[in-house]
Structures are given as structure tokens and as C-alpha cells.
Amino acid sequence: MRRAGSIWVVGVATVLLFIGALPGRAQSEDALQRELNFCSALVKWRFSDYATRLVDNLEKNNPSEKGRLARVRVEILTSQGKADEARALIKTFPPDSTATYGMLLALGDSLYGMGKLNEAKAVYRGFFANFEKGPPPEIAKFYQESAYKYSQMMAMTGNDKEALLAYEFVLLSKPEPDVERRLQIEMAELCLKVGRQESGKVRDDYFARAKKLCELVQWKGLDLWFGQSVVILAHIEQLKGNRKGAMDTITTYLPMLKELDDALKAENYPLKLSPMAQCRYILGTLYEDEARALIVEEKKDEAVKAFGQALNHLYNVFVKYPDSTWAPDAGARAERMATDLKDMGFKVKLPEINLAPVIEAQLKEARLLFSQQDFKAACAKYLTVLNVFPEQPGSVQSLGELGQCYLNLQDKLFMRVVVQELSDRYGARANFRDDAGTALVRLARAAEEINDNESLAFLNQLFFEKFSDHKQVPSMLYQSGERQLEKENYDLAVSYYSQVAQDYTNASVYLASLNRLSLCYTKRGDWSNAVDVLTRYTAELPFGPQLASARFRLADANRQVDRLIPAINEYFKLIKGLTEEEAKYASTPDEKAANRKLLEQAMFWKAYCYSRLREPADKVSSHQAQAAEDYAAFLKMFPKSELSPSALSSRGVLLLILNRNAEAAECYDRLSREFPQSEQARNAVFARGTSLLEMGQKDQAAKVFEEMFASPGKFGAPQFYQAGRVMLEQNENGIAIRAFEQALRGKPEKALEEALRYYLGMAYSANGDTRNVIRHLEALKALNASSGFTVEAGFLLSKAYATMGKQETAEEPRLKMFNSAIRVMNQASRLMTKPEERARRDFELAGIQILKGDPESAIASHQRLVLLSDYGNAKVRPVIEQAFEAVMPLLLERDMNQDLMDNATLYLQQFPNGRLMVQARQWREKAQQKMAMAGAAPVAP
Amino acid sequence: MKKTILSGWPLALSTVLAMAAPELRADRVIMKSGQVFEAKSIRFKPSAQEYSVVTLDNITTPIPAKNVEKVEVPKPAALAAAQANVAAGKYDAAIGPLGAIITENVGLEWDNTARDLLGQAYLGKRDGKKAVSIYKEYLENVPAEKVSLDIRRRYWDALKIAEMFPTLKNDLEKVIKEGSRPMAALAQMMRGEMYAAQGQKNEALLDFLRTALLYEDVKPIQPEALFKAAQRLDELRDPRAAELRKKLAQDYPNSPYAKNAGGG
């Protein structure tokens with residue numbers, strides 16, 4: 001008697017042997033073959049023209065290999081629909097050579113690949129017809145591989161009878177005995193399949209043939225093919241309606257199957273390969289069928305016995321072969337049967353089974369497929385396991401991985417199905433909730449990895465909404481904030497960081513969130529909120545370089561909102577800390593260097609703040625004196641600072657105001673001596689005027705600029721231009737216009753003239769002088785139709801024409817003006833390459849339509865922006881927000897309540913921290929009220 | 001009476017089946033402990049939450065309801081007629097007797113059978129509010145795990161007819177979260193239908209698909225889920241509609257949904 005192990009060794013050897021015999025196996029490749037394989041691949045990818053060129057080159061270098069090259073040429077020609085040319089090419093070679101047959105079958109394969117099944121069949125049949133009694137030994141291997149390949153081709157296309165015939169051809173090649181047994185089993189399976197579709201004698205013949213093949217296999221040894229033959233024989237009986245016969249078949253062979261099973265166990269091979277699992281599964285189903293039939297016949301005692309057998313077999317498959325293909329079905333079937341039995345009034349006591357190893361075994365395969373990125377196959381496996389073992393420990397993780405499979409397949413619908421189950425069902429149960437949240441987090445990360453921002457946003461939102469108590473919420477919020485910050489979507493970033501700052505004060509990312517939040521406010525120019533956040537941040541931070549930096553930013557934010565006293569206080573604290581307790585704020589040389597820079601800036605800006613203090617009025621002089629002192633202290637400590645020229649210039653002005661003229665002169669001397677190339681030194685009058693303006697001394701500044709206008713010859717066009725820009729920034733439009741016009745009279749070079757014309761247009765526009773806007777901006781257009789100012793000038797000019805049009809009462813000139821407005825916008829539009837410019841164009845266009853008295857068109861333009869714009873683009877978002885602001889009153893006036901409500905809801909979703917939030921809620925309420933009063937359908941429950 | 005039958009296979013694992021004896025001889029109280037008392041008569045006292053049991057030897061014994069698994073008393077004579085009337089659509093004829101059965105059989109199981117029939121009668125009359133009130137009583141009397149899918153579905157139908165949509169939605173969502181899997185699957189289908197009726201087709205599709213995809217173990221609901229999911233996928237021209245229909249035809253060939261699914 002053979003050892004159990006040896007049986008299995010035979011089985012494994014058989015498998016390996018046959019794999020070796022499969023057609024298309026790896027051949028030892030020479031360089032030419034590699035090139036030819038590449039050519040074949042090119043043909044498959046539909047690059048047959050490239051393949052032709054490559055083959056031509058190969059032929060030049062390998063003139064003796066025409067036969068091998070011709071095989072690829074056949075593929076190329078067939079792919080180009082030139083099968084006749086391919087056949088002609090084949091005929092130029094000796095008819096009986098292996099190379100010629102290879103070409104011929106390559107033609108057959110190509111035809112098969114193109115779906116020309118009959119032509120492919122004809123080619124293959126033609127080949128087999130040459131060897132009716134089997135192939136000669138010299139081509140036996142090639143013949144065998146080709147015949148097997150043909151059988152697979154036919155089976156794959158459902159031509160099972162032709163496939164069976166192909167197997168006969170394979171057998172004609174006299175394969176090795178082990179290969180022959182495998183072929184016989186495959187043939188028996190095919191006979192079973194074909195027989196099942198037939199009836200009467202034909203069916204019986206096929207079954208008889210299958211049986212014969214199984215017997216042949218069984219005579220030659222006990223291995224996996226033997227086990228398979230038992231399954232086939234049982235199936236035949238089952239299909240014949242002979243349940244008892246099927247059961248007997250399996251039962252008869254069970255001792256042998258057991259021997260095989262033991263052999264597998266002894267050799268530590270996976271039991272999922274054992275035919276026992278399938279046989280017992282079949283046995284279980286047969287017993288179940290019998291039991292149900294007995295119930296119908298009201299033979300309850302016998303039915304109970306049969307049910308018992310069925311449950312035993314199915315549970316055994318489930319538990320003993322957990323990783324087999326049959327286990328999940330066996331488990332599910334057994335569970336179903338138990339439920340049915342209970343419903344029928346039976347008491348069923350099932351064995352207590354630890355499902356964990358069974359689930360784990362089943363999931364192993366799913367996870368392997370998942371790790372191999374075979375997501376489609378993994379989905380099927382996960383679904384099987386999840387449906388057989390729902391709501392078990394580990395189900396959540398599997399569900400999450402299933403979601404990731406769908407995500408990677410970009411099947412968003414099915415992904416949402418999975419996500420809904422995770423959040424709605426598992427998320428609602430205490431024992432699964434935490435894992436469900438974690439699964440969503442992982443899914444979100446997977447979305448991020450593949451740059452699927454839409455899914456990422458959806459998953460994050462869902463996570464925050466449904467799992468607000470999950471431990472990873474703060475870090476996820478922070479990461480979401482970081483993503484929006486990177487995209488410069490500051491308002492959205494604020495919404496994430498704010499949540500951490502408000503609700504998760506113990507989280508590790510709390511301080512980092514405060515820091516980022518203040519940065520976002522700063523970037524948005526929302527200094528007031530920046531002050532609030534930085535105040536919290538500095539209060540929470542321990543000593544160190546971060547505190548120094550935060551305090552400086554707090555001081556700066558205060559300065560930006562003209563809260564000069566708090567700014568001075570913060571600068572003071574910082575200066576004190578960095579000078580008197582330096583060690584507390586820095587430990588490394590880099591930190592010390594950074595703090596030194598902060599100190600420099602803090603001292604400068606503290607002086608600046610004092611110079612700007614206007615209240616109380618009776619203290620202004622003392623503040624100015626303090627500012628002069630602070631500038632002096634700064635200049636003493638940082639004499640070579642980049643800020644020193646500005647400090648000298650400002651201090652000079654302050655001293656002049658304080659009538660300390662000698663000291664002021666010293667300042668200006670030092671400025672021209674030490675910083676002769678500085679802007680302040682070269683344009684001392686201009687610098688003085690600017691400093692005065694910055695200190696709020698507008699009258700004195702105007703006087704200084706008058707000095708420039710009084711002697712224009714002393715100043716060049718660029719200086720007047722610069723003065724004009726400062727005036728414009730300070731909203732001193734009149735003086736700005738004078739400065740720009742003066743610069744223009746100086747006949748500046750083209751580039752400066754363009755700038756002057758543009759800023760003149762802007763200044764005149766601010767003054768409401770549309771005619772001069774048109775004059776200068778039309779001149780700019782004539783000067784250069786595509787300058788850097790064209791887009792912005794287009795907006796201004798278009799609006800100017802529209803304003804003129806509105807003022808016109810006569811129809812013809814009115815229309816002419818509006819047409820000009822549109823024409824100018826269209827011209828500028830050609831240079832608008834950025835989404836934000838196009839968004840602004842639509843917004844401005846709506847403005848023109850309003851001026852024209854066409855609010856309906858304006859609504860349409862605004863709605864385009866609201867509904868179709870890219871909310872993810874940080875530069876477009878402000879324009880969209882403006883559009884909301886403009887269109888909502890128009891909708892309200894016209895009782896377009898559904899649009900009003902939809903817009904308000906959209907706004908609240910997209911701008912969770914937007915400046916129109918309160919208004920948006922009011923708009924929505926108004927719309928709801930109006931709809932309710934109008935008797936509209938209620939909102940969905 | 002138990003009958004232990006099986007342990008055929010030589011392996012260690014075995015299942016045990018026992019046949020329950022269905023014949024009834026007298027009133028019976030079946031305790032949670034498994035003990036059974038035969039009785040001449042049984043009454044339920046709602047105020048005391050106890051059963052008053054007159055034993056075969058004429059001793060009256062109070063038994064706390066919390067210790068009782070179930071009671072078995074003969075089916076009220078009028079119930080069959082009422083049932084027939086409901087089935088025949090003669091709702092008004094059924095309503096009075098059913099009310100009486102409920103009153104006379106409080107706590108004796110048949111009251112709930114009568115309640116269900118009464119609910120069905122009101123549903124038949126499209127009187128949603130009354131049906132809701134009856135089913136609410138039923139749900140208060142029967143532990144959640146013992147409420148059948150059919151009864152839960154009828155309760156939801158009643159809420160729908162009564163246009164009590166917020167209550168319906170809340171109940172569905174509660175069941176989806178916390179109910180047994182069969183109940184949750186049914187609730188998902190109901191919610192899907194509700195969404196579909198409100199034109200929220202994508203939401204409806206999600207519920208149908210979720211049931212078809214992840215509640216395959218709930219066999220009774222599968223044909224409907226596959227059918228409805230396929231319908232919605234068709235609207236999206238999603239080729240997977242055909243896959244679902246194929247599954248419907250293969251796995252549930254006898255379901256009416258499979259018969260209707262043919263053309264899609």
C-alpha cells in the first residue's frame with residue numbers, strides 16, 4: 001500500500017507536469033524572440049504600422065530568420081484585415097515545416113482574436129486534417145500545444161462540442177499519462193456540461209462518455225483527478241434525477257477521498273484543494289433536497305434524519321475546509337436550513353462554532369487579491385464573505401476594504417453603497433462604531449492616494465458628520481484644513497481648523513490648528529479674527545521660538561486693524577522677552593537668528609505704531625516723540641537694517657513735525673550718506689510726502705506733494721507716477737490724477753505710459769468721471785491691445801461704457817454705448833486665460849446687464865457662476881460669493897423662491913464660514929416662508 | 001416531548017434536531033425556564049402584569065408575565081370568520097368582532113393576531129390613522145425581535161397612507177440602524193420606495209442596491225431588491241442592470257419579480 005504522502009506527490013507532480021505541457025509556456029528567449037514578442041504586443045495594441053517598421057528592420061539584420069519573422073508579419077497583415085495577403089505569404093514557405101504551421105496557426109489566432117470564429121476554425125481544422133492519425137514525432141509537441149490551445153479557445157466561446165473534438169486531437173498526440181488523465185477529466189467535465197444541455201439519447205451518450213472517461217482516470221491512480229471524477233459521477237446521477245445514486249456514488253468513494261484528505265494533511269498542503277469539501281457539500285445538498293421532499297410527503301421522522309445528515313455535511317465543510325470555495329455556501333445553506341427548520345416548528349441545536357478562523361480563512365483570499373490590486377475579483381470575494389458572515393468581528397474591516405476596491409475601480413455608486421452601510425448600520429452599533437469610523441478614515445486616505453478629491457471630500461464630510469466622537473476626527477479635520485490651505489481655499493481651511501479649535505481643545509493638533517487658523521485669517525486679510533485666534537494661541541503656547549513668532553504675528557494683526565495700543569503692547573512684550581529673556585525663546589543658533597530678525601521688525605513697527613497714534617489728541621506730540629525715540633533705538637541696534645532708510649526718513653519727518661529741525665537734518669544727512677541708493681534718499685520729497693500720508697498728516701502731505709507740482713522740472717515722470725500710485729492707494733484720487741497727468745505730460749516711455757493710462761482710468765473711475773475713463777483706456781488700447789493691463793482695463797472700460805449707456809436717454813446712443821461695453825468685454829475676454837478672470841467677466845457682464853435694465857439676463861449670468869463654477873478654485877470662490885450676494889436680492893424680488901432656497905442651501909454648503917452666512921440663512925427662511933404661504937409642496941420628510 | 005435524532009457522521013462535529021410536538025390538549029403556559037403548565041383556563045391581568053392560571057386541579061395560580069415565554073389557549077371561535085371577512089375585503093364586517101376578540105383575549109396571543117387583522121381591515125379601508133394606532137398597540141405588546149417582516153411592513157404601509165412621513169422615516173432609520181438584518185433590509189427597501197416616490201432616485205437606488213448587494217442573506221427580500229435596483233440602474237443606462245436581472249432569474253426563478261424582469 002502506498003504511503004498517503006506519495007498519493008499527493010503524484011497529484012502535485014501531475015499538476016506541474018501539465019502546466020509544463022500547456023501551450024504558450026515561457027520559451028528560452030533569444031534577443032530576436034524578444035523583439036518579435038514586442039512586435040506581437042504592438043499588433044495587439046493596434047500599432048501594426050510600428051510593428052511593420054520594426055519587423056522590416058529585424059529582417060535586414062536577420063535575413064536567415066524569415067520564417068520566424070513571417071509569423072509576426074502574418075499577425076500584422078491579419079490585424080490590418082489582409083488575411084488573403086497573410087495566406088499568400090504563408091504559401092511562399094515550404095508547406096510541411098513547423099515554421100509554416102506556426103504561421104498558419106498565428107493566422108488562426110489573429111482571426112479568432114478579431115472574432116472571426118469560423119475562419120479561425122477553418123484554419124485550425126485544416127491544420128489538424130493534415131494529421132488524421134496523429135502528428136509525426138517531430139511536430140508532436142507543437143501539435144499538442146496547438147490542439148490544447150484550440151480546445152480552450154472553443155470552450156471560452158461556448159463551442160463546447162468543438163472543444164471536445166479539440167481534446168480528441170490533443171489525445172492523438174499521445175501525451176504523457178499524467179497529462180492524459182488531466183485531459184480526460186477536463187473532457188468528462190465538458191461532456192457533463194454538454195449533456196446537461198441535451199436530452200434523450202444524446203444526453204445519455206454524453207453522460208456515458210463522461211462516465212467512461214472518469215473510469216479511465218480512476219483506474220490509473222488516487223489523486224486530485226480521482227477526486228474530481230467522483231464529483232462528476234455524482235453530478236451525472238444527480239442530473240439523471242437519481243438522488244440516491246448520487247449519494248451512493250459519493251459514499252462509496254468516501255474512504256478513498258478520506259485517504260486523499262489525510263495525505264494532504266500529512267504533507268501540510270492546504271485542505272481547500274481536497275475534493276472532500278466538494279463531495280461533502282454535494283452530499284449535504286442532496287440530503288437537504290431529500291429531506292425537503294420527505295417533508296412534502298409528510299415523512300417527518302425520515303426528514304429529520306435527512307436534515308441532520310445535510311446539516312452535518314454542510315457544517316463540516318464550513319468548519320473543516322474554511323478556505324475552500326464551498327465553505328461560504330455551505331455555511332449559508334446550513335444557516336438557512338436551520339432557520340427554515342425553526343420556522344417549521346423544529347428545535348434545532350447547532351454546534352457552537354468560533355467563526356473567526358473560518359472568516360479569516362475566507363478573507364485571506366480576498367485580501368490577497370486586494371493586495372495584488374485585482375480589485376474586481378477581490379470585490380466578489382469580499383461580497384461572498386460579507387454576505388455569509390455579516391456583522392461579525394472583522395466585517396467592518398472587510399467592508400472598508402470592499403469600499404476601497406470600488407474606489408480603486410472608480411465605481412462610486414457601489415462605493416457609496418458600502419459607505420452607507422458602514423456609516424448607517426455599523427456606525428450605529430457600539431461594538432462596531434469605532435472600527436466603522438476607522439474604515440472610513442482609511443477609505444478617505446485611499447481616495448487621497450489616488451487623487452480622487454471628490455470622493456475624499458465626500459468621505460471626510462460623512463466622517464465628520466457621522467463620527468464626530470471618533471478619536472481621529474481632530475487629525476482628519478486638521479488634514480482637511482491642510483489640503484484646503486495648500487489650495488489656498490482659506491475659507492474652507494478655516495472651517496476645518498475652527499472645528500478643532502472649538503471642539504477638540506485636548507487634541508494633539510489643537511495648537512497647530514490655532515496656528516493655521518490664524519494664518520488663514522491673515523491670508524484672507526481678516527485681521528480681526530486673526531487677532532482673536534493669535535491671542536488664544538499665544539496664551540496657550542509655552543516659551544520658545546513659536547511663542548516669539550506668534551506674538552509678533554499678533555502684534556502685526558493688531559497693527560493691521562489699527563488697534564495700535566494692543567499692537568504696541570505686543571511688540572513691547574516681544575522686545576522685552578527677546579532682549580531680557582532671550583534664552584527662553586531660543587536654544588539653537590538658527591532660532592536665535594530668527595528671533596533677532598523678529599526683534600528688528602518689532603522695534604521698527606513699534607516706532608511706526610507710535611507715529612500713527614492720533615488719540616488722545618493732546619498726546620499726539622508725545623506719541624510722535626516716543627516714535628522718534630523708538631526709531632532712534634531701532635537705528636542704534638540695527639543700523640544696517642533694510643528698514644533703516646525708512647526709519648531714517650520717518651524719523652526725519654517726525655522731528656520736522658516736532659520742530660526739531662536740526663535733528664531732522666541730521667537724519668536726512670545720514671540717509672543720503674549711508675543709504676544713497678535708497679528710494680527714500682533719491683526721492684526725498686516724495687518719501688517725506690509718503691511718510692506724512694502714512695502718519696495720517698494728509699494736509700501736510702498734500703503740501704509736500706505741491707512742492708513737486710510747483711517745480712515739475714525737478715522730478716521725472718517715474719517720480720510723479722510713483723507719487724500718483726501712493727495717492728491712489730490712500731484714496732486721494734484728485735492728487736493722484738494730477739500726478740499721473742503730470743507724468744503723462746513728461747512724454748514717458750511706452751511701458752510707463754501704458755501704466756499711467758491704466759491708473760488714470762482707475763482714478764477717474766473712482767471719481768465717477770466716465771468720459772475720462774474711456775479717453776485714457778481707449779488710448780491704452782490703441783497703444784497696446786494686449787498689454788498686461790488689457791484684462792483689468794477691459795473691465796473698467798466696459799463698465800464705463802455701460803454707465804454712459806445708462807445715462808443716455810436716446811435709444812440709439814444708449815444702445816451704441818452698451819454695444820461698446822460688450823465689444824470691449826469680448827476683446828478683453830480673448831486674453832482671459834485664467835478661470836478667475838473668466839468668472840469675473842461673467843460677474844461684470846451681469847453688472848452691465850443690470851445697468852442695461854435687463855435683470856433677467858443678469859440673473860442668468862449670476863446663476864451660471866453660482867451653479868457651474870469651480871468651487872474648488874480659491875481664486876474663483878470670491879467671485880462666486882459676489883455673485884451670490886448680487887443675485888439673491890434679485891431672486892427675492894421676483895419670488896423665485898425655489899432658486900432662492902437652492903442657492904441659499906448651496907451657499908451654506910460651500911461657504912460654511914462665508915461672510916454671507918447669516919444672510920444666507922435669512923434668505924432660506926424667507927424662501928421657505930414664501931413657499932409655504934404659496935402652498936408649495938412641503939420639503940421631503 | 002423531544003426527539004434527539006442525529007449524529008450520523010463519524011466526525012466530532014454534530015448538529016441536533018428535535019421535533020416539537022404540535023398537538024394541543026389544554027390551555028398551556030410555557031415558562032421561560034422551559035417548564036410547561038397545563039391549565040383549565042388562563043386570563044391576563046394587565047394592571048398586575050400577571051397571568052391568572054386555573055390549573056387542571058382547579059387551583060388558581062398567579063404567574064408573573066415576565067416569567068412566561070408564551071401561553072397557548074384555543075383560538076377564539078369568531079376569529080376565523082373575521083379573518084375570512086378581511087380576506088374577502090368585507091372590512092366593516094370584520095372590524096367589530098375583531099375589536100371584541102382583542103378585548104376578550106388581552107395578553108393571550110390571539111389579541112395580537114386580531115390586532116393584525118384589524119390593522120389589515122383599516123388598511124383595506126385606506127384608514128391609515130386607525131391602522132397606525134392599531135399597529136402601534138401591536139408593536140408595544142410584542143417584543144421587537146418577534147415582530148414579523150409582514151407586520152412591520154403593514155405598519156409602515158399604514159404610516160404611508162396616513163401621510164405620517166416623518167414618523168415613517170424615523171422608524172425606518174431606526175430599524176436600519178438597530179433592527180435585525182431581515183428587518184433592516186425591509187426598512188431599506190421601504191425607504192428606497194419613499195425616496196423614489198419623492199423623486200430622489202439616486203438615494204432610492206442606493207437603498208435598493210445596498211439591500212441587493214450586502215443583504216444577500218435575507219433571501220425573501222432579494223428578488224424585490226434585485227428587481228428595483230436593476231430598474232433604477234436601467235434609468236442610468238448602467239449595464240449592471242442586466243447582471244442583477246440575470247442573478248434574479250438564476251437565483252429566484254420562481255419569484256414574481258423574476259417573471260416580470262424579463263424585458264427589463
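## Stop 1: an arginine in a loop

Select A:Arg429, which counts as buried at 19% relative accessibility; buried means under 20% relative accessible area, exposed over 50%, and partly exposed in between (1.4 Å probe, protein chains only). Before you go on, know that this is a predicted model, where local features need pLDDT of at least 70, side-chain atom pairs count only at pLDDT 80 or more, and totals for chains, interfaces and linings use all residues. Residues are numbered from 1 along each chain as its sequence is written, chains are lettered from A and ligands numbered from 1 in the order in which they are written, and side-chain values use heavy atoms, with hydrogens and water left out.

A:Arg429 sits in the loop between H20 and helix H21 (430-449) of chain A. Helices (H or I, at least four residues) and strands (E, at least two) are DSSP runs, numbered from the N terminus. What does A:Arg429 touch, not counting residues up to four places away in sequence? Show A:Glu391, B:Lys177, B:Glu178 and B:Gly179. Contact here means heavy atoms within 4.5 Å.

## Stop 2: where the chains meet

Now colour chain A and chain B separately. The contact takes 46 residues from chain A and 46 residues from chain B. The size of an interface is often given as the accessible area lost when the parts come together. Here chain A and chain B bury about 4,000 Å² between them, with 63% of it on carbon and sulfur atoms. That buried area is the accessible area (1.4 Å probe) that two parts lose on being put together, summed over both.

Across the interface of chain A and chain B, the rule finds twelve residue pairs in polar contact, both residues being at pLDDT 80 or more. A polar contact is a pair of N or O atoms within 3.5 Å; within protein, one must be able to donate a hydrogen and the other to accept it, and residues adjacent in sequence count only if both atoms are side-chain atoms.

Which pieces of chain A supply at least two residues each of the side that touches chain B? Highlight helix H15 (300-320), helix H16 (327-343), strand S1 (346-349), helix H18 (375-388), helix H19 (395-408) and helix H20 (412-425) of chain A. H15(A) gives the largest share of that side, 14 residues. By type, the residues of the side of chain A that touches chain B divide into 23 nonpolar, eight polar and 15 charged. For that sorting, Ala, Val, Leu, Ile, Met, Phe, Trp, Tyr, Cys and Pro count as nonpolar, Asp, Glu, Lys and Arg as charged, and the others, Gly among them, as polar.

## Stop 3: salt bridges across the gap

The count between chain A and chain B is six salt bridges. A salt bridge is a side-chain nitrogen of Lys or Arg within 4 Å of a carboxyl oxygen of Asp or Glu. Zoom in on B:Arg191 and A:Asp424, whose side chains meet in a salt bridge (3.7 Å, N to O).

## Stop 4: salt bridges inside each chain

A search of the whole structure finds 88 salt bridges over all chains.

- A:Lys265 forms a salt bridge with A:Asp261, with the closest N and O atoms 3.7 Å apart. The two are about one helical turn apart because they are four residues apart in helix H13 (residues 243-266) of chain A. A:Lys265 is partly exposed at 42%, whereas A:Asp261 is buried at 3%.
- A:Arg660 pairs with A:Glu629 in a salt bridge, at 3.6 Å between the closest N and O atoms. A:Arg660 lies in the loop between helix H32 (644-657) and helix H33 (661-674) of chain A and A:Glu629 in helix H31 (residues 620-637) of chain A, so the pair ties together parts 31 residues apart in sequence.
- B:Asp116 forms a salt bridge with B:Arg154, the closest N and O atoms being 2.7 Å apart. This pair links distant parts of the chain, 38 residues apart: B:Asp116 is in helix H3 (residues 110-124) of chain B and B:Arg154 in helix H5 (residues 149-161) of chain B.

## Stop 5: a buried alanine and a cysteine

Select A:Ala291 in helix H14 (residues 275-296) of chain A. A:Ala291 is buried, with a relative accessible area of 0%. Leaving aside neighbours within four places in sequence, A:Ala291 is in contact with A:Ala303, A:Ala306 and A:Phe307.

Last, pick A:Cys379, buried at 5% relative accessible area. A disulfide is a pair of cysteine sulfur atoms within 2.5 Å, and the structure holds zero disulfides over all chains.
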